[in-house]
Amino acid sequence: MTPVTAPDFEILVIGAGQAGLSAGYHLRRLGLRPERDFLLVDHAPGPGGAWQFRWPSLTLSTVNRVHDLPGMSFAETLPEGSANARAATAVPHYFALYEQRYDLRVHRPISVRVVCDRATPATCPDQKVDGLLHAETEGGSSTAASGGDSGAEPASGSAGELRVRGLINATGTWEKPFIPYYPGAETFAGRQLHAHDYRTADEFAGKHVVVVGAGVSAVQLLDEISQVTTTTWVSRTEPRWREGPFTPDAGRAAVAMVEERVRRGLPPRSVVSVTGLPVDERVRAARARGALRWHPMFRRIEADGVRWADGAFQPAQVILWATGFRSALDHLAPLRLRGPGGGITMTGRLATQVAADPRIHLLGYGPSASTIGANRAGQAAAVELADHLGLRHR
């Protein structure tokens with residue numbers, strides 16, 4: 001669609017984690033220029049995406065593999081003997097060097113509060129139609145540098161508003177921790193927290209901790225906490241373990257299952273729910289300590305513990321919810337992308353394109369939620385969106 005009004009930028013990329021940086025790299029490869037043709041914004045104070053907020057004990061030896069960004073190896077940014085380096089330091093350092101090498105000019109800290117569609121009178125009944133997507137932002141010092149020069153005056157329109165033709169949303173999931181409701185949760189006299197807010201196991205010493213969840217984070221946190229205090233592990237579904245190496249074929253099959261769901265408009269499932277939990281030496285040691293004795297979900301929460309379905313009671317002072325995250329897409333609500341079942345129907349080569357609106361690509365939604373998936377999705381989104389907007393052969 002030809003815009004009625006000239007945009008501030010052709011494309012807005014929201015989020016400078018793995019997926020957003022990959023998209024920025026591939027937009028540059030297509031000949032598009034940062035701060036002129038596209039703008040990359042991020043809400044965090046510095047480089048690193050969600051990695052900069054991870055708990056301090058998470059090291060490079062304990063995380064799932066950090067995949068290389070396109071064109072630059074993670075290993076080349078690490079010193080000798082860095083296996084035990086903090087992920088919250090090493091990965092942001094890598095991302096910062098990457099932004100500099102490829103001159104991506106990330107604007108931060110900028111939060112996108114809401115994105116509205118002013119393409120037609122149907123999508124924009126009460127405001128001026130200009131054929132563009134409008135993103136309302138807050139924070140930062142230059143949210144709409146018209147023409148791309150860092151010293152330029154803000155673009156016309158309301159303060160903190162960007163007008164663009166296309167959108168690559170790479171906001172991930174870290175800002176949307178999910179805690180399911182269980183009866184009695186409001187009566188618990190102890191502490192409840194999500195893995196999002198976990199820092200160190202030492203703060204739980206002397207307290208019984210109920211860890212809820214069946215994913216990789218739940219196992220990692222159980223391993224740490226069980227070394228300083230007593231724990232109980234529960235989840236809604238029984239954990240699935242995976243012995244032996246994770247082959248490329250198995251990875252492709254897992255991603256294909258997640259992709260098939262979003263192409264049908266169903267809410268995505270996590271990749272680990274398909275692949276299972278890897279068994280390594282740390283898991284074997286935790287098993288030997290008895291830390292990985294699994295229990296089905298409790299029936300309700302009481303003031304000083306949890307009650308099982310058979311009436312038995314487990315006293316507890318802490319409930320740690322390692323129950324995952326949801327896609328951070330609230331700012332896109334005015335675009336009405338979700339279907340009746342809560343999912344968004346996706347299309348495109350790697351299922352990054354919103355079927356109902358090809359101007360919009362979602363990275364970190366469904367199969368692109370893993371770090372390797374984010375890299376490939378960044379390329380697909382950049383190429384497909386540039387083609388849709390007619391930007392590749394200018």
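Angles between axes that are under 35 degrees count as roughly parallel, those over 145 as roughly antiparallel, those from 65 to 115 as roughly perpendicular, and the rest as oblique. The model shown is predicted, with local features requiring pLDDT of at least 70, side-chain atom pairs counted only at pLDDT 80 or more, and totals for chains, interfaces and linings taken over all residues. Residues are numbered from 1 along each chain as its sequence is written, and side-chain values use heavy atoms, with hydrogens and water left out.

**View 1. Packing of helices H1 and H2.** Helices (H or I, at least four residues) and strands (E, at least two) are DSSP runs, numbered from the N terminus. Two packed helices are described by the angle between their axes and the distance between the axes. Helix H1 (residues 18-29) packs against helix H2 (residues 87-101) at an angle of about 15°, and their axes are 11 Å apart. Here axes are lines fitted to C-alpha atoms, for helices over the stretch in contact, and angles run from 0 to 180 degrees between N-to-C directions. H1 and H2 are therefore roughly parallel to each other. Gln 18, Leu 21 and Tyr 25 of H1 make the contact with Phe 95, Tyr 98 and Glu 99 of H2, where contact means heavy atoms within 4.5 Å.

View 2. An open sheet is formed by 5 strands in the order E6-E15-E7-E8-E11, with parallel pairing; two strands pair if DSSP finds at least two bridges between them. Strand E6 (191-194) and strand E11 (294-296) stand at the edges with a single partner strand each, so one side of each is left without a neighbour in the sheet. From one strand to the next, the twist averages 25°. Strand E8 (residues 231-235) is joined to E11 by 3 bridges, and Val 234 stands opposite His 295 in E11. Helix H3 (residues 216-225) lies across strand E7 (209-212), E8 and strand E15 (318-321), and runs at about 170° to E8.

**View 3. Salt bridges.** Side chains of opposite charge can pair when their charged atoms come close. The whole structure holds 23 salt bridges, a salt bridge being a side-chain nitrogen of Lys or Arg within 4 Å of a carboxyl oxygen of Asp or Glu. Asp 223 forms a salt bridge with Arg 289, with the closest N and O atoms 3.0 Å apart. Asp 223 lies in helix H3 and Arg 289 in helix H6 (residues 281-289), so the pair ties together parts that are 66 residues apart in sequence. Asp 223 counts as buried at 6% relative accessibility, whereas Arg 289 is partly exposed at 38%; buried means under 20% relative accessible area, exposed over 50%, and partly exposed in between (1.4 Å probe, protein chains only). In the pair Glu 99 and Arg 108, the closest N and O atoms are 2.9 Å apart, and both residues are buried. Arg 307 forms a salt bridge with Glu 302, again with 2.9 Å between the closest N and O atoms, and Arg 307 is partly exposed, with a relative accessible area of 22%. Salt bridges that share partners also join Arg 28, Glu 35, Asp 103 and Arg 105 into one network.

View 4. Leu 167 lies in strand E5 (residues 161-169) and is buried, with a relative accessible area of 1%. Beyond its neighbours within four places in sequence, Leu 167 is in contact with residues including Leu 12, Val 115, Leu 332, His 361 and Leu 385. Leu 167 and Ala 382 are 9.9 Å apart in space, C-alpha to C-alpha, and 215 residues apart in sequence. Asn 375 belongs to helix H7 (residues 371-389) and is buried, with a relative accessible area of 13%. Not counting residues up to four places away in sequence, Asn 375 touches Gln 18, Ser 22, His 67, Asp 68, Leu 69 and Pro 70.

**View 5. Backbone geometry in two loops.** Most residues other than glycine have a negative phi, and most peptide bonds are trans. The peptide bond from Arg 108 to Pro 109 is cis, with omega near -10°, and Pro 109 is found in the loop between H2 and strand E3 (111-118). Asp 103 lies in the loop between H2 and E3 and, although not a glycine, has a positive phi of about 50°. Arg 336, in the loop between E15 and strand E16 (346-347), has a positive phi of about 55° although it is not a glycine. Arg 336 is exposed, with a relative accessible area of 75%.
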